[in-house]
Amino acid sequence: MGDLALAMILRAKVQKKFESGFALDVEKEFGPGFHVLFGASGSGKTTLLDCVAGLTKPDNGRIVLEERTLFDTLTNVDEPTYRRRVGYVLQGQALFPHLTVRDNICFGLGDKGDQDAIVEAITRSMEIEGLEDRRPAKLSAGQRQRVALARSLVANPHLLLMDEPLAALDANTKSTIIDVLLRWNEERQVPILYVTHDREEAYSLGERLIVMEEGKIIATGDPQQVLTSPARHSIAQLAGFENLLECEIMSEHPDQGT
Ligand code: ADP
Ligand code: MG
């Protein structure tokens, strides 16, 4: 603890080709706060997160978190996942079935000293207090997901990767968890890469929206801006515009806004 510099920055340059022909090619800097990754299924969102987490090895690139190089093809650096200080939360994440909520949350905590205080604080903020002695089988999906998130947060990650973590949850549970995350990150100031294909979530979370298509970033910016005046047909589809009309531009009058 206490080892967090303010305002973590992730610099990622990753290229990864699969035999299928899919090619991820992303270069981007992620400052502290939410970055919503948005894009059709198969656009490469999970592959990007896996590369950053060290679960997939890029063919080429360099990943630097704050001052630490996690991966670099030039200098042959490839830090193992457990040393990257990266929290990774997935949809319907598995907890250890034989462990209680408390032990699931504390799993991986090196220092056993102040576990009670840590568990108390995190279960309170996640609104799962009182469940500490239960096993996962006795929890609802929403409670399980909050335990999984609590487990990631207490490990003090310097970067948080979230792959549709709330997709299966009801609206109330979602907004509780999002509030917790926003508050948590006011203190921590780490980059949070948050994958969703839920438009409402993209609007409510994002200061920054990143749209991916076929392994590339095709748009970035304020979600309102990106989604309400989409520069591309594919973004318009993602944004949920149902009627797209082909048309030909006869003349432009930027001064009149037409
Ligand atoms: P998304 O998360 O945006 O839905 P993915 O990153 O999961 O997209 O997948 C991007 C593309 O890469 C897809 O075409 C997928 O089939 C392919 N892909 C993902 N993982 C592998 C893998 N381990 N081996 C081969 N192809 C993969
Ligand atoms: Mg995915």
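**Close-ups of aromatic pairs, cores and a helix contact**

**View 1. Phe-107 is partly exposed, with a relative accessible area of 48%.** Buried means under 20% relative accessible area, exposed over 50%, and partly exposed in between (1.4 Å probe, protein chains only). This is a predicted model: local features need pLDDT of at least 70, side-chain atom pairs count only at pLDDT 80 or more, and totals for chains, interfaces and linings use all residues. Residues are numbered from 1 along each chain as its sequence is written, chains are lettered from A and ligands numbered from 1 in the order in which they are written, and side-chain values use heavy atoms, leaving out hydrogens and water.

**View 2. Aromatic pairs: the structure holds 3.** Phe-18 and Phe-22 make a stacked pair, 6.1 Å centre to centre with 25° between the planes. (Rings of Phe, Tyr and Trp, its six-membered ring, pair if their centres lie within 6.5 Å; planes under 30 degrees apart are stacked, over 60 edge-to-face, the rest tilted.) Phe-18 counts as partly exposed because its relative accessibility is 35%. Phe-22 has a relative accessible area of 17%, so Phe-22 is buried. Phe-96 and Phe-107 form a tilted pair: 4.4 Å centre to centre, 45° between the planes. This pair links distant parts of the chain, 11 residues apart. Phe-96 sits in the loop between strand S7 (86-90) and helix H2 (101-106); Phe-107 sits in the loop between H2 and helix H3 (115-125). Helices (H or I, at least four residues) and strands (E, at least two) are DSSP runs, numbered from the N terminus. Phe-96 is partly exposed, at 28% relative accessibility.

**View 3. The largest nonpolar core has 44 residues.** Such a core is a set of buried Ala, Val, Leu, Ile, Met, Phe, Trp, Tyr and Cys residues joined through side-chain atoms within 4.5 Å. Ile-105, Met-126, Leu-149, Met-162 and Leu-209 have the most contacts inside this core. H4 gives the most to it, with 6 residues. Another core lies apart from it, with 25 residues, among them Leu-24, Phe-30, Val-52 and Met-212.

**View 4. Helix H4 (residues 141-154) meets helix H5 (residues 171-188): their axes come within 11 Å and cross at roughly 10°.** H4 is therefore roughly parallel to H5 (angles under 35 degrees; over 145 is roughly antiparallel, 65 to 115 roughly perpendicular, the rest oblique). H4 brings Gly-142, Arg-146, Leu-149 and Leu-153 to the contact; H5 brings Thr-173, Ile-177, Leu-181 and Trp-184. Contact means heavy atoms within 4.5 Å.

Note on methods:
Axes are lines fitted to C-alpha atoms, for helices over the stretch in contact, and angles run from 0 to 180 degrees between N-to-C directions.
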